[in-house]
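The structure is shown below.

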Amino acid sequence: MAFQISEDTFQSKSERYHYLQRALPALLNGESNFVANCANTIALIQSQFHFHWIGFYWVEGESLVLGCFQGPVACTRIAKGKGVCGTAWSLAQLQNVPDVDAFPGHIACSALSKSELVIPLITAQGEVLGVLDIDSEQMAFFNDEDERELSGLMDVLLKSSGL
Ligand code: SME
């Protein structure tokens, strides 16, 4: 690996994202295995943010199925259109939920989750492969910067993996 993981060196969100913008392409460089790249992407983001839960759900037929993640055990399958993840998939649109208790149909995997950001992973051909799901223990944790930066990191993951 061509770089050092910087744990807790940065103070602000912007500094952490600036580091991730540089670190993720370096981490994924030369590796096309999607599972390996997803696992390392999650671990790298988590090294900076220590979210309550972060991971992927992948489209399989009419369900999303749990992929690699960091955090407490989670629901294995989510039906299309259900919860925040199923909504992001069916609409092919990012969902930023400041208060999960106010989201109709939110699937509570953990009572500690207060806000949630779900970003669909869409290929260059327009196919939704799955979603990145992040849960925070803080209300309204995610803002425009998180939406933009994390979407950009997902683009790096897809492109590095040839998708
Ligand atoms: N809360 C999510 C379910 C997944 S867990 O948070 C890991 C939802 O409503 O889609």
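K13 touches F49, F141, F142, N143, E145 and D146, leaving aside residues up to four places away in sequence. The model is a predicted one.

K13 belongs to helix α1, which covers residues 13-28. Is K13 buried or exposed? Its relative accessibility is 18%. The cut-off for buried is under 20%, so K13 counts as buried. The K13 side chain also makes a polar contact: it reaches the backbone oxygen of F141 at 2.9 Å.

Now the ligand. Around it are 13 residues, and V84, C85, I107, E116 and D135 come nearest.

| Residue | Atom of the residue | Ligand atom | Distance |
|---|---|---|---|
| V84 | backbone N or O | oxygen | 3.0 Å |
| C85 | backbone N or O | oxygen | 2.8 Å |
| I107 | polar backbone atom | nitrogen | 2.7 Å |

How much of the ligand does the protein bury? On its own, the ligand exposes 310 Å², and the protein buries 99% of that. The space that the ligand takes is the largest cavity.

Which elements give two or more residues to the shell around the ligand? They are β1 (53-60), α3 (83-91) and β6 (128-136). Helix α3 supplies the largest share of this shell, with three residues.

Key
Residues numbered from 1 in each chain as written. Predicted model: local features only at pLDDT ≥ 70, side-chain atom pairs only at ≥ 80, totals over all residues. Heavy atoms only, no water. Helix = DSSP H or I, 4+ residues; strand = E, 2+ residues; numbered from the N terminus. Buried < 20%, exposed > 50% of the residue type's maximum accessible area, 1.4 Å probe, protein only. Polar contact = N/O pair within 3.5 Å; in protein donor to acceptor, adjacent residues only side chain to side chain. Contact = heavy atoms within 4.5 Å. Near = heavy atom within 4 Å. Areas by Shrake-Rupley, 256 points an atom, 1.4 Å probe, with all protein chains shown as cover. 1 Å grid on protein atoms, 1.4 Å probe; cavity = no way out; pocket = protein on both sides within 12 Å on 5 of 7 lines; lining within 4 Å. Sits in = over half its atoms within 2 Å of the grid points.
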